[in-house]
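Dear colleague,

I am handing over the structure below, and my notes on what was found in it follow directly after.

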Amino acid sequence: MDPYALKTLNAERRARRAAILVTDLGDGRDRIVREGDQVAGDLGTAIAKAFRSGNSGSVEAEGRTFFLNAHLPRPRLVVIGAVHISQALAPMARISGYPLEIIDPRTAFATPDRFPDVTLHAEWPQDVLERQPLDAYTALAAVTHDPKIDDFALKAALDASCFYVGALGSRKTHAKRVERLLALGASAEQIARIHAPIGLDIGAASPAEIAVAILAQTILAFRSRGLDAKGAAA
Amino acid sequence: MSDSLYLDEARDPLIIAEGWMKDGKDVAIATVVETWGSAPRPVGSHLVIDAEGNFHGSVSGGCVEGAVVSEAIDVIGSGKARMLEFGVADETAWQVGLSCGGRIRVYVERLG
């Protein structure tokens, strides 16, 4: 392996950006391909597929055998709101392989008692997200219903190209939210990426069922990254 | 969002390999490039080895690491990459019949 390729790969991984190490198994030469880099032909098709699936494997192209080692940042879920839905979502997300963190400045809600074994920030989203920015491999679900808490985080999620952005609330609530986000400088195209009402339509009624709907929609968004314009990680 | 939760720097084989390289050590990197049947570690898994036989990571969960390490020391000496193939259908490898019948191919190359 080329030492420069290793350094580049590790730098990308530390920055939570996707990269693929492409090794020619015939002569041992390798190079790093970043998400969005253009690679032509069958190799390019295989690389695009590996970025989507995260699966590593060999591919025959141009009469050679290449090994693609896909390094995708671990997807994670940031939830704005230490509410009933989040209590159900936290263990389910962890089991599904999406580590979850909760941000809620309301200290009566964000208590370790209500959220055992969950990374909990009893602070304003502005403060947490400045320290620990969102990125394209992060999903954000805003479930407080309170514009003072949700809006900043939603705008930040759109700007960071989070792979999933969901917001709790009826269509009527969301229409008002759209006005506020436009006023904050979000574009109509960005706002169209918000899933609202939140969650896959499975007829969810209870907080736990809404959590299932949110988690399912998050997984769908992650697994279909790059397959349509709306889900593009860009 | 602590680093440890998302990239375990203290145990990540590729981060360790980079550190060894900076310390001036000779390093080999072994990578699972193909699996058949039930193999214990997925394609893309790494074992990194230095010239003294120190290693981190895993390509088989412990079954064939010894063999990979000794091959890797040769690869560090020669600079020529090797493709190794192992059956994991070793009765001594598993106590309760898990993962028997699998096979893996491991690519071993020198860093630099």
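Just after helix H3 of chain A, Gly97(A) adopts a positive phi of about 90°; helices here are DSSP runs of H or I with at least four residues, strands are runs of E with at least two, and both are numbered from the N terminus. Please bear in mind that this is a predicted model, in which local features need pLDDT of at least 70 and side-chain atom pairs count only at pLDDT 80 or more, while totals for chains, interfaces and linings use all residues. Residues are numbered from 1 along each chain as its sequence is written, and chains are lettered from A and ligands numbered from 1 in the order in which they are written.

Helix H3 itself spans residues 84-95 of chain A, and Ile85(A), Ser86(A), Leu89(A), Ala90(A) and Ala93(A) are buried in it (20 or more other C-beta atoms, placed from the backbone, within 10 Å of the residue's own). Seen down the axis of H3(A), these buried residues fall within an arc of 130°, taken from the directions from the helix axis to the C-beta atoms, so they line one face of the helix. They pack against strand E5 (76-80), strand E6 (100-103) and helix H8 (207-223) of chain A.

As for the two chains, 20 residues of chain B are in contact with 23 residues of chain A, contact meaning that C-beta atoms placed from the backbone lie within 7 Å. The largest share of the side of chain B that touches chain A, 5 residues, comes from H2(B).

Best wishes

Notes
A residue is buried if 20 or more other C-beta atoms lie within 10 Å of its own, exposed if 12 or fewer, and partly exposed in between; C-beta atoms are placed from the backbone.
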